[in-house]
Amino acid sequence: MEDFRRTYLRLCKEGGVEPQESVVAQLQESRAAQGSRLDLSGQSLSIDTCSVLARTFQKDTIFTEVLLSDCMLSEEGAKVLLTGLFGNTTVKVLDLKGNNLRSTGAEVLGKLLARNKTLRRLVLEWNALGVWDEAFSLFCEGLASNSVLTELNLRNNQINHHGASELALALKRNTTLQVLDLRWNNIGLLGGRSLLEALQKNKSIVQLEMAGNNIPSDTLKALEQTTGQNSYIQSTLRESHCRSQVLSKEIQTLKEEKGRQFLSLMETIDRQREEMGRHSGSASIQIGQLQEALNERKSAVNALTAKLQMTEAALALSEQKNHNLGELLTRVKVEKEEQRERQSRERKQEHEDSAKREGRLLREIQNLTETNNQLVNKVEEMERRCKSQQQQIFELKQQLTNSTAELKLQLAQAEDRLEIEKRRSKQALQDMDGLRQKEVEHLNRHLEESERALQERIFKLEGQRIQLEEQEHVSSLEEKLRSARTCLQEVQLHCSQQKQTISELQAKNSQQSIEINAMRRRTEELQQELSGKDQEKVAEVNRVKVELQEQIGHLQAERTAQGGLKEKISALEREIKVLSSNHREALLDKESQMSSMLEKLRLKEAEIQRMREDEANRASYLQSAILTYVQGSPLGHYSSPKK
């Protein structure tokens, strides 16, 4: 820490920059704390200070965490500071929260992710990286090419659906990022779908925060389900890795134990060779005893062989039961969703890898077996040489009893491990069965709800069609009735006016009847006027008839329009039928897809069964190796004398 502080002051002096007192004080506090964290949060860093810090970071320091939150970094200062971290190999955590980073900051961060090979956690909360689409796409390109970052915080960065699409493309290529925080952005429905599609290909994301993005609940549930599956896959990988390590350790332990036994055997043989010259008196007497002990040992070995065969038979019976349970599971699993298929492919790849590792382990075991056989041959040769030894029988008997007890203990431990593995496999099968039954019930409920929704929509459309027909018919009739009433009122008004005129003329005619002779010409003129008015009346009546005929034509046109509406309604009904048939076809397609998924699931179960058989074979190989070692050991030909 003192070196870093001195370097900072020296670079400030060389560049002619006045060192910031707050930064120096913070470096002093960090030096006093003797920590690996550089915390400059809340400090207002100038461009010159950022330049000096960048030059300092270009050299590897003791800092593994750099906290620069709320430092009011300018675009140029952020660019200079982040450029200094391109080649740094010590900083693993970088916090740039609340620095209002925009287009330039996004571009430099993309370059940092593309070049830096040690950064594990990056916090970019409360910035504005998603405002400029082009700059954010460069940031996403850097993220896609990064292979070390495991945690990224992009909370509240104004990321829209375009930025989410770019981020989805980056996640399809990135294979190391595990935690991603996208809360309180503006991703929306399209962005959520893009991220869901990306997560269906990305298997490393195990934690995804998406609150406050205006994403529908079904898409959020799908994202949570996908991340949960990824987490389950990662845990399965870790568990298989741990099991492989345990098996490797057990094999190494067996190797070491066999090496120690071989060394002890060689030491015993050396001691026997030394004592062979001193003890040669009672060889013939003890040869018979040795032969009897050998016969007893052979009987004990035969008993152990019978017990081992019984254990193998019990193991085969349990494997047959497991096989029957697997067949029962294949009959029960009727429906599966599309994501299970992808998970099956991943598991298949993992199981292939584990099968390869187990194959390598089996080859190593075979090599060890061959080495054991060679050692057995050597031991047999040594036994032929050692038959003439007499004094060592009591020591050999003691060693024989010890090795027998150890072998019995190892056999009991192997049986216990087999029982534990059986119970674990049964529990795993039960858990998988329950999970699949829940998923089948969930899918059935979803299908029933979708069918009910479609039926309700069809009923609503029928009701709306009937209401539209009734409203259009009633409105047309009311319009016709109003027009007919207005025409009738106009005709009645005109007739009343004509009647009134005639009555007035008759009154005048009655008054002038006294002066008829004198007023004859006037009367003729009036008659002519009356005849003209009659003609006008006839013309008016004809005009009214023409108007009525026009209205009748309008009514007929409206009737034809109603016929067109009925045709449209029938077309809509046909379209509804087509939609329902398409929905049925889609359901059939889904069923065919589900059947294919079930077939793939059956293949996966067969692969799992094969792996179980491989596990059983490996266990049998281990038992046979132990038995071979027992039979081939120089101590295996002797047993304790009968009391």
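Me: How many helices and strands does the protein have?
Reply: The secondary structure comes to 13 helices and seven strands. Helices (H or I, at least four residues) and strands (E, at least two) are DSSP runs, numbered from the N terminus.

Me: Where do the numbers come from?
Reply: This is a predicted model: local features need pLDDT of at least 70, side-chain atom pairs count only at pLDDT 80 or more, and totals for chains, interfaces and linings use all residues. Residues are numbered from 1 along each chain as its sequence is written, and side-chain values use heavy atoms, with hydrogens and water left out.

Me: What share of the residues counts as buried?
Reply: 35% of the 643 residues. Buried means under 20% relative accessible area, exposed over 50%, partly exposed in between (1.4 Å probe, protein chains only).

Me: And what share of the contacts comes from residues 24 or more positions apart?
Reply: 88%, taking contacts with a separation of 6 or more. Contact means heavy atoms within 4.5 Å.

Me: OK, the sheet. What is the strand order?
Reply: β1-β2-β3-β4-β5-β6-β7, in an open sheet of seven strands with parallel pairing. Two strands pair if DSSP finds at least two bridges between them.

Me: Which strands stand at the edges?
Reply: β1 (37–39) and β7 (207–209). Each has a single partner strand, so one side of each lacks a neighbour in the sheet. The twist averages 0° from one strand to the next.

Me: How many bridges join β3 and β4?
Reply: Three, in the parallel sense, between β3 (residues 93–95) and β4 (residues 121–123). Asp95 stands opposite Val123 in β4.

Me: Helix packing next. At what angle do α3 and α4 pack?
Reply: About 10°, with the axes of α3 (residues 47–57) and α4 (residues 75–83) 7 Å apart. That makes α3 roughly parallel to α4. Angles under 35 degrees count as roughly parallel, over 145 as roughly antiparallel, 65 to 115 as roughly perpendicular and the rest as oblique. Axes are lines fitted to C-alpha atoms, for helices over the stretch in contact, and angles run from 0 to 180 degrees between N-to-C directions.

Me: Which residues of α3 and α4 meet?
Reply: On α3, Ile47, Cys50, Ser51, Leu53, Ala54 and Phe57; on α4, Glu76, Gly77, Val80 and Leu81. By class, that contact of α3 with α4 has seven nonpolar, two polar and one charged residues. Ala, Val, Leu, Ile, Met, Phe, Trp, Tyr, Cys and Pro count as nonpolar, Asp, Glu, Lys and Arg as charged, and the others, Gly among them, as polar.

Me: At what angle do α4 and α5 cross?
Reply: Roughly 5°, and the axes of α4 and helix α5 (residues 103–115) come within 9 Å.

Me: Now the core. How many residues are in the largest one?
Reply: The largest nonpolar core has 65 residues, and Phe139, Leu152 and Leu182 have the most contacts inside it. Helix α6 (residues 133–145) gives the largest share, six residues. A nonpolar core is a set of buried Ala, Val, Leu, Ile, Met, Phe, Trp, Tyr and Cys residues joined through side-chain atoms within 4.5 Å.

Me: Last one: Glu358. Buried or exposed?
Reply: Glu358 is buried, with a relative accessible area of 11%. Its place is in helix α11 (residues 338–386).

Me: What does Glu358 touch?
Reply: Asp614, Glu615 and Arg618, not counting residues up to four places away in sequence.
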